[in-house]
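Here is a friendly walk through one protein model, written for someone who would like to look at it on screen while reading. Please open the structure and keep it beside the text.

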Amino acid sequence: MPIVSVQGVSKRFGAVTVLDGVDFAFRAGEVTGLVGENGAGKSTLIKILAGAETPTAGSVVLGGEQLPSTTGDVIAAGLSVIYQELTDVPDMTLLDNVLLGNLSSRGGLTRRGENRRRAKAGLSRVGLGELDLRTPIRDLTISQRQLAEIARCLVRDTRVLILDEPTSSLPERDVETLLSVVRTLRDEGIAILYVTHHLDELFDVADRVVVLRDGNLVGDQPIGQWDEPSLVRSMLAKELEQAYPWRPRDVGEPALVTRGLVARGVKDTSIHADRGEVVGLVGLAGSGRTELMKAVGGVAHVVSGEVSVAGRRVRTGSIAAARSAGVVYVPEDRKAEGLVLDASVRSNIAMGDYAPVSRRGLLRSGVMTRRAQEITSKYDVKLGSVHQEIGKLSGGNQQKVIVGRVSEMSPRVVLFDDPTRGVDIGAKSGIYEHVFTLAEKGSAVMVCSSDTDEVLAVADRVYVLAAGRVVGEFARGSFDREKILHLAAGGSAVSEPPA
Ligand SMILES: Nc1ncnc2c1ncn2[C@@H]1O[C@H](COP(=O)(O)OP(=O)(O)OP(=O)(O)O)[C@@H](O)[C@H]1O
Ligand SMILES: [Mg+2]
């Protein structure tokens with residue numbers, strides 16, 4: 001007996017059909033994976049299940065009854081959603097966050113002891129039972145905050161838990177913790193719907209997987225009947241020939257050079273990236289990958305050391321100075337640092353670089369529109385119109401806009417911090433195709449990713465970082481995955497095979 005059944009659900013925004021007669025069901029005590037390309041309709045389907053969007057046609061049944069029509073009533077009926085972006089309140093304490101919307105009171109008096117006990121019980125179920133309830137949320141790690149959000153759902157007797165790309169903002173070392181919490185909750189009888197672009201996670205936790213393609217449900221099978229190629233084929237309606245089409249390039253003189261760079265999380269780092277080169281930074285979360293990029297990009301304060309571009313010293317700690325030297329940092333957190341979500345796609349593209357769309361300081365509307373149309377079509381962004389709010393694009397399509405607007409500036413040095421976060425497995429190769437073209441046109445590109453294999457697949461050369469230092473450097477011909485992972489994990493001495 002399914003606990004949730006989606007029956008003929010369609011959703012249109014204006015003339016665009018985003019979901020088209022979707023039918024599927026999921027059960028208590030099972031993890032159901034939901035996959036599909038960027039823009040396939042996954043998040044829209046979740047918003048419908050959460051009562052946050054109304055379907056244009058069809059209906060949803062939850063526990064034998066019609067799904068209530070408001071988010072509050074859906075939560076009360078036992079269905080909770082963990083969205084990609086955290087929804088906690090950083091200034092509040094852990095206790096208050098976990099109880100948000102869950103306070104138990106009697107005769108108007110909040111029952112403090114009872115509430116503390118419930119919060120503790122919820123937190124224990126996600127492995128956070130040891131944390132002090134008075135801790136401010138902002139002092140927790142991202143992973144702890146996400147687990148606390150799950151605890152908040154458990155406190156209110158959630159029977160159905162939906163997770164939309166829960167690992168896309170987690171450091172890789174915390175992914176396993178989240179997956180084990182998911183398994184535990186499944187074993188306790190909760191129905192879980194799990195959206196991800198990381199197919200390996202599904203083979204780890206899912207009991208069945210359903211596939212959406214262009215708003216249609218095109219696959220629904222137990223996990224044992226899927227393998228990676230068949231899942232990819234179902235998602236993309238084609239074979240994925242080559243995930244990352246690396247090709248040799250001419251590498252020129254040094255474009256970026258750092259000497260003895262010291263910044264928060266960066267210790268005495270001297271590196272270079274040359275014209276036409278794609279340099280990978282490999283390191284665990286906390287190794288200093290992001291911090292190094294931010295220091296070079298003028299985003300973070302530099303304590304000492306030098307950054308030079310094309311042979312000239314660049315003033316550090318200034319985004320403007322970095323920009324005018326031709327250095328662009330593309331942050332990993334597009335929501336916080338990259339985009340203005342309630343502005344249009346067109347404005348967001350113009351914000352990257354006003355020069356091509358203005359004359360004598362005035363923005364030219366027609367040019368802005370045409371340029372946005374060109375870039376979105378070149379970078380394969382799925383959207384209704386460039387006048388749409390960028391926040392209404394699917395997550396992966398927002399990422400494509402960022403990559404597009406930067407690539408079109410042809411900067412001397414581009415620092416891509418996890419450029420394929422939230423991007424589907426088919427679109428990743430498209431993004432790297434543009435990265436390679438950028439390098440071929442003479443930019444020096446630096447890239448890191450939470451997926452080390454991805455970096456090794458695309459880079460001409462990699463630096464391995466651990467605890468803020470460069471602990472290894474490898475050219476493409478001599479990439480040694482084992483050795484690189486060992487160094488990244490903090491292993492200094494590598495046992496060489498006997499000669
Ligand atoms: N409020 C809205 N108005 C107009 N179009 C919308 C709105 N919300 C979503 N869309 C469109 O619906 C389509 C599906 O978006 P959705 O966010 O469901 O995709 P997704 O499968 O979650 O993709 P991703 O993997 O990139 O997160 C997209 O083309 C998106 O632009
Ligand atoms: Mg989505």
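This is a predicted model: local features need pLDDT of at least 70, side-chain atom pairs count only at pLDDT 80 or more; totals for chains, interfaces and linings use all residues.

Residues are numbered from 1 along each chain as its sequence is written, chains are lettered from A and ligands numbered from 1 in the order in which they are written, and side-chain values use heavy atoms, with hydrogens and water left out.

The protein is divided into domain 1 (4-236) and domain 2 (254-488), with bounds that come from an automatic or database domain assignment. Their centres, taken over C-alpha atoms, are separated by 31 Å. Domain 1 gives 19 residues to the contact and domain 2 gives 19 residues, where contact means heavy atoms within 4.5 Å.

The second largest pocket lies between the two domains, because both give residues to its lining. A pocket here is an open set of points on a 1 Å grid over the protein atoms alone, with protein on both sides within 12 Å along at least five of seven lines; a cavity is a set of points where a 1.4 Å probe fits but cannot get out, and lining residues have an atom within 4 Å of a point. This pocket holds about 900 Å³ of space, a volume being the space filled by probe spheres set on the points, which are joined across faces, edges and corners. Strand 2 (16-26), helix 1 (42-49) and helix 14 are the elements that give two or more residues to its lining. Of the 36 lining residues, T44, K47, K392, L393 and S394 lie nearest the centre.

**Enclosed spaces**

How many cavities of 30 Å³ or more does a search of the whole structure find? There are 2.

| Space | Volume | Lining residues by class |
|---|---|---|
| Second largest pocket | about 900 Å³ | 8 nonpolar, 17 polar, 11 charged |
| Largest cavity | about 50 Å³ | 2 nonpolar, 3 polar, 3 charged |
| Second largest cavity | about 40 Å³ | 5 nonpolar, 3 polar, 1 charged |

The lining of the largest cavity includes K378, Y379, H434 and K441, and helix 15 (residues 425-440) supplies its largest share, 3 residues. Among the residues that line the second largest cavity are A295, V307, R315 and A322.

Helices (H or I, at least four residues) and strands (E, at least two) are DSSP runs, numbered from the N terminus. The 14 residues of helix 13 (residues 365-378) should span 20 Å at 1.5 Å a residue, and the end C-alpha atoms are 20 Å apart, which agrees; the expected span is 1.5 Å times one less than the number of residues. Buried residues of helix 13 include V367, M368, R371 and I375, and their cover includes helix 12 (345-352), strand 21 (362-363) and helix 14 (395-407). Buried means under 20% relative accessible area, exposed over 50%, and partly exposed in between (1.4 Å probe, protein chains only).

After helix 13 comes D380, with a positive phi near 60 degrees. A310, in the loop between strand 17 (302-309) and strand 18 (312-313), has a positive phi near 50 degrees and is partly exposed at 44% relative accessible area. A467 has a positive phi near 45 degrees and sits in the loop between strand 24 (461-466) and strand 25 (469-475).

Key:
Ala, Val, Leu, Ile, Met, Phe, Trp, Tyr, Cys and Pro count as nonpolar, Asp, Glu, Lys and Arg as charged, and the others, Gly among them, as polar.
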